[in-house]
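Trainee: I have a model open and would like a close look at one part of it. Could you take me through it slowly, starting from one chain and then widening the view?

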Amino acid sequence: MSPSPAPVPFIDGLRDAASLRLPGSGHAWLDAARRENLEAFVASGLPDTRAEAWKYTALRALGQRRFALGDPGAVTRAVDPTALALPGVDGPRLVFVNGVFRADLSRLNTLPSGLTLQPLSQVLEQDPEPLRFALSRHYREASDAFARLNAALAGDGVVLRVAAGARIGKPVHLCFVGTPAEGDLAWHVRNVIELGAGSELDLVEHHVSSAGHKHLGTLVGDIVLQDGAKLQHALLQNTAEDSTLVRHSSLHLGAKSHAAMHVLELGGALVRHDLHAQLRGDEARLDTRGVFVLRGRQHIDTQLSIRHQALNTASESTWRGVADERGRGVFRGAIVVAEGADGSDANLSNKNLLLSALAEIDTKPELEIYADEVKAAHGATVGQLDERALFYLRSRGLPHAEARALLTTAFCRAVFASLPNETLREHFSDALLAHLP
Amino acid sequence: MLKIENLHARVEGKDILKGLTLTVNPGEVHAIMGPNGAGKSTLGNVLSGREGYEVTEGSVIFEGRDLLALEPEERAAAGLFLAFQYPVEIPGVNNTYFLRAALNAQRKQRGEPELDSMQFLKLVREKLKIMQISDELLHRAVNEGFSGGEKKRNEIFQMAVLEPKLAILDETDSGLDIDALKQVAQGVNALRSPDRAFLMITHYQRLLDYVEPDFVHVLADGRIVESGDKTLALKLEEHGYAWVADRKPAHTSEARA
């Protein structure tokens with residue numbers, strides 16, 4: 001018998017979770033999957049820092065907090081629609097407020113042909129059967145605790161399909177808004193995204209808050225690219241500064257498919273992103289590029305795990321971290337080139353900039369190769385701003401803060417240069433600048 | 001314009017400037033010459049406000065203000081410009097963008113309206129004529145991959161755009177071949193005006209063949225030991241710095257007395 005863990009407020013807050021009525025409740029398989037995942041989560045609790053994947057991210061303080069189960073008032077909460085707008089992003093839009101779909105804020109009329117875009121809550125009430133495989137998954141690793149919790153409690157999210165061969169011209173905007181409620185609450189969102197063979201999609205994922213709050217949000221997403229599909233995925237995370245956001249994404253890439261991600265992580269007190277990618281088909285290609293910028297006491301942890309499983313697959317990962325004040329960044333980039341994935345090409349670079357003596361960034365690139373004729377390179381650095389460059393700029397009249405911001409954005413520039421949406425690229429750059437203290 | 005009195009400065013606990021006194025008036029070109037280790041570059045760095053230089057005694061008044069109390073960017077806005085001996089490469093920062101940001105930051109500090117991109121472009125085109133610098137360099141990152149000559153010309157080009165009242169050229173001639181030296185000198189001469197003064201710090205006399213100074217000062221062991229007109233530079237060229245070293249003890253003992 002293992003000793004039973006001491007009761008923690010976080011777990012205690014889940015007492016009524018089993019009897020919660022969620023969209024889709026009543027379908028036996030869904031009820032069973034939710035129940036089993038809830039039991040597994042309650043049994044294991046939040047992972048502690050002994051788990052390798054959580055070594056640098058302590059959840060003790062989170063465990064001491066109690067969150068309400070969702071937000072019953074989410075459908076009527078006032079949200080300023082202008083706060084959701086993103087320059088250069090004017091296609092279909094799906095908006096969630098505190099984890100609940102909001103038709104009034106979304107833009108779903110006149111969807112381009114070949115695009116199916118629905119809130120999960122609707123699909124679950126109508127016909128959840130096609131999602132049975134995705135939603136009845138069991139997360140076996142205790143370090144996947146949040147995915148378990150999400151599987152137990154998610155009642156809404158994005159269901160997006162692109163038909164084979166369809167090219168969706170306008171970017172699809174997925175917007176997750178946090179807004180204050182009567183107390184701290186936890187919301188859970190589940191996304192299922194599939195690009196048919198040879199299709200193309202431009203996706204913008206956007207985390208934002210309408211005002212300060214201390215909610216916990218979890219988001220689990222599956223993204224599947226069938227053979228030859230192309231995905232541009234831009235992600236702007238600018239959630240409330242006191243909030244907690246945990247995201248877990250799985251990406252499956254078929255033969256000759258290509259996914260390109262551009263990630264900008266700015267907001268949140270505690271933010272964790274696990275990205276697990278599998279390059280399953282020959283000549284699949286994945287590019288991930290990201291920047292995380294921390295200030296105050298922010299903690300942002302990115303865990304990248306890429307598996308090359310087929311011939312001549314390629315991955316390129318370029319990440320930059322900037323930490324000021326007492327910010328703490330964590331980056332782990334693990335690449336596995338599996339047996340048989342001959343001719344693969346894997347590159348990973350993570351450079352970090354500390355702007356204060358109290359800031360910290362822990363970076364860990366890992367590379368495991370079990371195949372032949374592989375080209376692989378990885379590198380990570382942590383450094384400070386070049387004092388000579390700083391003085392040079394100041395000697396020409398730029399005030400200290402401006403010179404610092406100029407050098408910091410220059411440090412991050414390479415990451416977003418390849419973002420094709422120029423207007424959005426400029427917005428990313430502005431958002432980054434605005435986040436520097 | 002610039003009044004340096006009895007300036008003492010140290011770097012890493014070591015006294016470098018030991019009582020330097022110098023006055024520069026508008027329109028004048030002063031050359032500061034001296035052997036290695038005399039404190040020439042320290043003078044430029046102290047005047048421009050680089051960190052790590054501790055002023056232990058003396059004063060510097062620039063345009064009626066206490067220069068040493070100002071931040072480097074405030075000194076720039078007040079009209080001080082340092083052409084670096086080793087211009088810094090700044091990857092990722094576009095040369096033109098940087099220069100416009102610098103000019104506008106200075107104008108803002110002075111309470112002048114900022115230039116929009118069209119006005120700035122017009123100014124740049126005018127100044128390009130002065131410095132033979134190719135358009136292509138303007139579109140690259142600041143000094144990144146520039147040759148030694150290109151870096152120095154870029155410094156003078158920046159000076160042309162920023163239009164300082166006092167320009168300090170820190171060994172701008174070092175590492176230049178004769179053609180590059182002539183181009184740099186041509187740029188400096190084009191910028192000479194009755195309101196603008198120059199302080200040229202140099203080890204060699206050859207820059208002074210192309211930019212004729214009004215005054216030449218010899219710096220040795222942290223002090224000016226000899227001042228004169230341009231013929232002093234020729235004397236130095238003929239006799240070498242040993243000639244100064246021979247004269248130095250007299251001054252030093254005088255200072256100690």
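What percentage of the 257 residues in chain B do buried residues make up?

Mentor: Happy to, and please keep in mind that this is a predicted model. Buried residues make up 43% of the 257 residues in chain B. For a chain of 257 residues, the rule for a compact globule gives a radius of gyration near 18 Å, and chain B has 18 Å, so the two agree. The C-alpha trace of chain B spans about 60 × 40 × 35 Å along its principal axes. Its secondary structure comes to 10 helices and 12 strands. If you take the contacts in chain B between residues at least 6 apart in sequence, 72% of them join residues at least 24 apart.

Helix α1 of chain B covers residues 40-48, and eight of its nine residues are buried. The buried ones are Lys40(B), Thr42(B), Leu43(B), Gly44(B), Asn45(B), Val46(B), Leu47(B) and Ser48(B). Just after this helix comes Gly49(B), with a positive phi of about 90°.

In chain A, buried residues make up 50% of the 437 residues. A compact globule with 437 residues would have a radius of gyration near 22 Å; chain A has 21 Å, which agrees. Its C-alpha atoms fill a box of roughly 70 × 55 × 45 Å along the principal axes, and its secondary structure comes to nine helices and 20 strands. Of the contacts in chain A with a separation of 6 or more, 85% are between residues 24 or more positions apart.

The strand to look at in chain A is β7, residues 185-195, where 11 of the 11 residues are buried. In a regular strand, side chains alternate between the two faces of the sheet. Leu185(A), Trp187(A), Val189(A), Asn191(A), Ile193(A) and Leu195(A) point one way from β7(A), while Ala186(A), His188(A), Arg190(A), Val192(A) and Glu194(A) point the other way, and all are buried. Notice that charged residues such as Arg190(A) and Glu194(A) are among the buried ones.

Next, follow the pairing of β7(A). Strand β1 (residues 68-69) of chain A runs parallel to β7(A), joined by two bridges, and Ala68(A) stands opposite Leu185(A). Strand β5 (residues 158-162) of chain A also pairs with β7(A) in the parallel sense, over four bridges; here Leu160(A) has Ile193(A) as its bridge partner. With strand β9 (residues 216-225) of chain A, β7(A) forms 10 bridges, again in the parallel sense, and Asn191(A) stands opposite Gly221(A) in β9(A).

There is a helix pair worth a look in chain A too. Helix α2 (residues 28-44) and helix α6 (residues 145-153) of chain A pack at an angle of about 145°, with their axes 7 Å apart. The crossing of α2(A) past α6(A) is left-handed. On the α2(A) side the contact is made by Ala33(A), Arg34(A), Asn37(A), Leu38(A), Ala40(A), Phe41(A) and Ser44(A), and on the α6(A) side by Ala145(A), Arg148(A), Leu149(A), Ala151(A) and Ala152(A). These contact residues divide into eight nonpolar, two polar and two charged.

Finally, bring the two chains together. In the model, 16 residues of chain A are in contact with 20 residues of chain B. On the chain A side, the elements that give two or more residues are α7 (387-395) and α8 (400-416). The residues on that side of chain A divide into eight nonpolar, three polar and five charged.

Notes
Residues numbered from 1 in each chain as written. Chains lettered and ligands numbered in written order. Predicted model: local features only at pLDDT ≥ 70, side-chain atom pairs only at ≥ 80, totals over all residues. Rg over C-alpha atoms; globule rule 2.2 N^0.38 Å. Buried ≥ 20, exposed ≤ 12 C-beta atoms within 10 Å, placed from the backbone. Contact = placed C-beta atoms within 7 Å. Axes fitted to C-alpha atoms, helices over the stretch in contact; angles between N-to-C directions. Left-handed = near helix turned anticlockwise from the far one by under 90°. Pairing = 2+ DSSP bridges.
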